[in-house]
Amino acid sequence: MPYKRRRQETTAAGPSGSARCSREVTVVAVELRVHSDEDLSSDYEGNPVLAVMQAKEKLGANIVLLPELCFFRYFPQELSEEHFAKAETYEDSKILHRMAKLARETEVVLVVSFFERQGNCFFNSVCVIDADGERLGIYRKSHIPMGPGYEEKYYFAPGDTGFKVFDTKFAAIGVGICWDQWFPECARAMALQGAELLLYPTAIGSEPHCPELHSLSHWQNVMKGHAAANIMPVVAANRRGTETYRHYNGGETSIDFYGHSFIADQHGEIVQEVTDETEFSPSIHWVAHTFDLDAIEKQRRSWGIFRDRRPDLYKPLLSM
């Protein structure tokens, strides 16, 4: 749905001393080391609940993005029917119930990744929770990867929601999930629906079958391109650290998740990033940046990239 909510406006002095209105929003990407499948009530250092609370207290967050499937270790490393027990329905999810309560308490918009069960289908989903604790709905991951260590097609059906934009208290946000971030069609579809920020919870790291392949810069560059092409900030939250599972063949598989969560501005420049040199607590890391969304909207209009589109020439995009 297009952005319709009344904007949160702040007043500041302009160059001539006259008042001007702006809409400044602070977005935070949370980066986590996930040591074990912990209960939500735990206070251990990697708890996503604790990460959100600290993002509000330390950074003044308005919108917080958590990594993909961050309430568990990355279970698609292995093929095991036991992991289907982790799935929850949207209506009865303990994870979403706890995070909605947290959003209401902190007055923060939360983007929460969870393993969804609907009837006999299972999805890799995100729920967007508004700052008053209201669940605004879900997006189901559209593009499902399959490869050594990333066996997602075993667990997740392709999403059936289509690309969505969520009308929150602070901004209209478009959300894609991990593998979605490699597809420019996903970002453009959300931009056309009125998104003001593009958010990507993700789980990307090393390739167990090909240790010499390091895709960190490629991963960042493709999303920086979405920001520049749509004149729209992009936020990516990733896991960090090594996670190991037993594999179906009796051996073990490990992924070293890159971390390097980042925020890119509307020009595609990285303005904040968790680097290998960043000083942080053992398990929780953050990057935060404040954007004036009204100023960015003015830039977007002035460039005319949406005015000059030629949808009549894009029919090949509807074929394989």
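Which residue's side chain meets that of Asp-294 in a salt bridge?

**View 1. Salt bridge between Asp-294 and Arg-23 in the predicted model.** The side chain of Asp-294 pairs with that of Arg-23, with an N to O distance of 3.3 Å. Asp-294 belongs to helix H6 (residues 293-303), whereas Arg-23 is in the loop between strand E2 (19-22) and strand E3 (24-32); the two residues are 271 residues apart. Both Asp-294 and Arg-23 are buried.

**View 2. Salt bridge between Glu-31 and Arg-240.** The closest N and O atoms of this pair are 2.4 Å apart. Glu-31 is located in strand E3 and Arg-240 in strand E12 (residues 240-246), so the bridge ties together parts that are 209 residues apart in sequence. Glu-31 is buried, at a relative accessible area of 0%. Arg-240, with 8% relative accessibility, also counts as buried.

**View 3. Salt bridge between Glu-116 and Arg-140.** Here the closest N and O atoms are 2.7 Å apart. The bridge links Glu-116 of strand E5 (residues 109-118) to Arg-140 of strand E7 (residues 135-140), 24 residues apart. Glu-116 and Arg-140 are both buried.

**View 4. Packing of helix H1 against helix H2.** H1 (residues 48-59) and H2 (residues 94-106) pack at an angle of about 15°, and their axes are 11 Å apart. The two helices are therefore roughly parallel to each other, and their crossing is right-handed. H1 contributes Val-49, Val-52, Met-53 and Lys-56 to the contact, and H2 contributes Arg-98, Met-99, Leu-102 and Thr-106. Of these contact residues, 5 are nonpolar, 1 is polar and 2 are charged.

Definitions and conventions: Residues are numbered from 1 along each chain as its sequence is written. This is a predicted model: local features need pLDDT of at least 70, side-chain atom pairs count only at pLDDT 80 or more; totals for chains, interfaces and linings use all residues. Side-chain values use heavy atoms; hydrogens and water are left out. Axes are lines fitted to C-alpha atoms, for helices over the stretch in contact, and angles run from 0 to 180 degrees between N-to-C directions. Helices (H or I, at least four residues) and strands (E, at least two) are DSSP runs, numbered from the N terminus. Angles under 35 degrees count as roughly parallel, over 145 as roughly antiparallel, 65 to 115 as roughly perpendicular and the rest as oblique. A crossing is left-handed if the near helix is turned anticlockwise from the far one by less than a right angle, and right-handed if clockwise. Contact means heavy atoms within 4.5 Å. Ala, Val, Leu, Ile, Met, Phe, Trp, Tyr, Cys and Pro count as nonpolar, Asp, Glu, Lys and Arg as charged, and the others, Gly among them, as polar. A salt bridge is a side-chain nitrogen of Lys or Arg within 4 Å of a carboxyl oxygen of Asp or Glu. Buried means under 20% relative accessible area, exposed over 50%, partly exposed in between (1.4 Å probe, protein chains only).
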